[in-house]
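Welcome! Please take a moment to look over the sequence and the structure shown here before reading on.

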Amino acid sequence: MDKNNFLYDEYGNKRIADNALVALTLMIAESNPKDKDLIIKVIINLINKKN
């Protein structure tokens, strides 16, 4: 997220807390491989700037 300039909002605050990023990463890693793309799409929609 930092590499893509998405970790911080326009005020310099983190968009997502570190523990939430860990939880999302673990959820993706532990998900059924068939469902992985769907889970990633859901997470992207949740953190999308335009929401």
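What follows is a short tour, from the whole chain down to single residues.

This is a predicted model, in which local features need pLDDT of at least 70 and side-chain atom pairs count only at pLDDT 80 or more, while totals for chains, interfaces and linings use all residues. Residues are numbered from 1 along each chain as its sequence is written, and side-chain values use heavy atoms, with hydrogens and water left out.

**The whole chain**

The protein chain holds 2 helices and 0 strands. Here helices (H or I, at least four residues) and strands (E, at least two) are DSSP runs, numbered from the N terminus. Along the principal axes, the C-alpha atoms fill a box of roughly 35 × 20 × 15 Å. Of the 51 residues, 12% count as buried; buried means under 20% relative accessible area, exposed over 50%, and partly exposed in between, with a 1.4 Å probe and protein chains only. The accessible surface of the protein chain comes to about 4400 Å², and 55% of that belongs to carbon and sulfur atoms. These areas come from the Shrake-Rupley method with a 1.4 Å probe, and for residues only the protein chains shown count as cover.

**Between the helices**

Ser-31 is found in the loop between helix H1 (18-30) and helix H2 (36-47). Is Ser-31 buried or exposed? Ser-31 is buried, because its relative accessible area is 11%. A polar atom of its side chain lies 2.8 Å from the backbone oxygen of Ile-28. Not counting residues up to four places away in sequence, Ser-31 touches Lys-36 and Ile-39, where contact means heavy atoms within 4.5 Å. Ile-39 itself is in helix H2, and with that sequence limit it touches Met-27, Ile-28 and Ser-31.

**Charges and rings**

How many salt bridges are there? The count comes to 1 salt bridge, a term for a side-chain nitrogen of Lys or Arg within 4 Å of a carboxyl oxygen of Asp or Glu. Asp-18 forms a salt bridge with Lys-14, and their closest N and O atoms are 2.6 Å apart. Asp-18 counts as partly exposed at 46% relative accessibility, and Lys-14 is also partly exposed, at 37%.

The charged end of Arg-15 sits over the ring of Phe-6, 4.5 Å from its centre. For this, NZ of Lys or CZ of Arg must be within 6 Å of the ring centre and within 35 degrees of the ring normal.

**Towards the two ends**

Lys-3 is found in the segment before H1 and is exposed, with a relative accessible area of 79%. Asn-48 has its place in the segment after H2 and counts as partly exposed at 32% relative accessibility. The table gives some C-alpha separations that involve these residues.

| Residue pair | Separation along the chain | C-alpha to C-alpha distance |
|---|---|---|
| Asn-48 and Phe-6 | 42 residues | 9.4 Å |
| Ile-39 and Lys-3 | 36 residues | 22 Å |
| Lys-3 and Asn-19 | 16 residues | 19 Å |

How values were computed
Polar contact = N/O pair within 3.5 Å; in protein donor to acceptor, adjacent residues only side chain to side chain.
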